[in-house]
Amino acid sequence: MRWFRATGNIVLDFASAAPSVVKSIRQRDLLNTWLRLYARQQMAPAIWEYQPARLEEELSDLIYYTVDLSTESPRLIIQSEGTRISRAYGHTGKGVPLDEYIGPRLVPFVMPIYHECVARGLPVYSVADVDDIYGRVVAYERLLLPFQTDGKVCHVIASLKTFCEDGGFEIRNLMRGNDALPRPKLRAVIERDLFHRAPGRIAAADVGEFADQPGGTTEVIELN
């Protein structure tokens, strides 16, 4: 299943996905914690309930947003910003609306992904290729997690990971360092198999566990 969200003259398509679409082990851990909370009432949890393990290890790759619903299109206001992401965009942005922070060139590629997360109240995962200032191709993996209050999505947490198959890359001004726009590879709403069970507690007939299993293949995401 695919559906579309339009912005300006650009139409973005979104696939329907299960949690296994997320490749980064650490992003999967963040998603699993969200899923455990979601499973209670089949709705996005409140942000104060969200306390994943080893959260402090991920803070440099996380951005917290509040959602301003008073405008025609929701505006996401940056409340905290990871240091690595600040370097990727070239400056800090706490207190600044996301659309202003990223600039008009990136708005058509970025904002519909956040708007889809807010509208659906479900996690959204995207992957795009970007070029660093030396022309090396870097995969930019974004996981958005929504949180609600009184039935409305009022907060979003973004986990942003970067990976280069060639090894090292320059994160400084990664999103602003050249004229090339991001090249989207995947945009997906995570809406299938929205449950999580801890390893070792699955009945023999059950399927769908997506936590890493002992003896399975482990994918290592190199962070620079």
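This is a predicted model: local features need pLDDT of at least 70, side-chain atom pairs count only at pLDDT 80 or more; totals for chains, interfaces and linings use all residues.
The protein chain contains five helices and eight strands. Their order along the sequence is β-β-α-α-β-β-α-α-α-β-β-β-β. Of its 224 residues, 48% count as buried. Among contacts between residues at least 6 apart in sequence, 60% join residues at least 24 apart.

Strand β7 spans residues 152-163 and pairs with β6 in the antiparallel sense, over eleven bridges. Threonine 149 has lysine 152 in β7 as its bridge partner. The hairpin of β6 and β7 has two residues between the strands, and aspartate 150 in this hairpin takes a positive phi near 55°. β6 is also joined to β5, by eight bridges, and these two strands run antiparallel. Within this second pairing, valine 124 stands opposite leucine 144 in β6. Five residues lie between the strands in the hairpin of β5 and β6, where glycine 135 takes a positive phi near 85°. β6 itself is mostly covered, with eleven of its 13 residues buried.

Three cavities of 30 Å³ or more are present in the structure. The largest cavity holds about 120 Å³ of space. It is lined by 14 residues, of which Phe109, Ile113, Ala128, Arg142 and Pro182 are the closest to its centre. Two or more lining residues are given by each of α5 (107-120), β5 (124-131), β6 (137-149) and β8 (183-190). The largest share, four residues, comes from β5. By residue class, the lining of the largest cavity divides into eleven nonpolar, one polar and two charged residues.

In soluble globular proteins, nonpolar side chains tend to be buried together. The largest nonpolar core of the model has 52 residues. Those that touch the most other members are Trp34, Tyr65, Leu98, Tyr114 and Val156. For leucine 98, the contacts, not counting residues up to four places away in sequence, are Tyr65, Leu76, Ile78, Met111 and Tyr114.

Serine 20 is placed in the loop between β2 (10-17) and α1 (25-41). Its relative accessible area is 43%, and the residue is therefore classed as partly exposed, since this value falls between the limits of 20% and 50%. Serine 20 and arginine 192 are 172 residues apart along the chain, and their C-alpha atoms are separated by 9.7 Å.

Note on methods:
Residues are numbered from 1 along each chain as its sequence is written. Side-chain values use heavy atoms; hydrogens and water are left out. Buried means under 20% relative accessible area, exposed over 50%, partly exposed in between (1.4 Å probe, protein chains only). On a 1 Å grid over the protein atoms alone, a cavity is a set of points where a 1.4 Å probe fits but cannot get out, and a pocket is an open set with protein on both sides within 12 Å along at least five of seven lines; lining residues have an atom within 4 Å of a point. Grid points are joined across faces, edges and corners, and a volume is the space filled by probe spheres set on the points. Ala, Val, Leu, Ile, Met, Phe, Trp, Tyr, Cys and Pro count as nonpolar, Asp, Glu, Lys and Arg as charged, and the others, Gly among them, as polar. Two strands pair if DSSP finds at least two bridges between them. A nonpolar core is a set of buried Ala, Val, Leu, Ile, Met, Phe, Trp, Tyr and Cys residues joined through side-chain atoms within 4.5 Å. Contact means heavy atoms within 4.5 Å.
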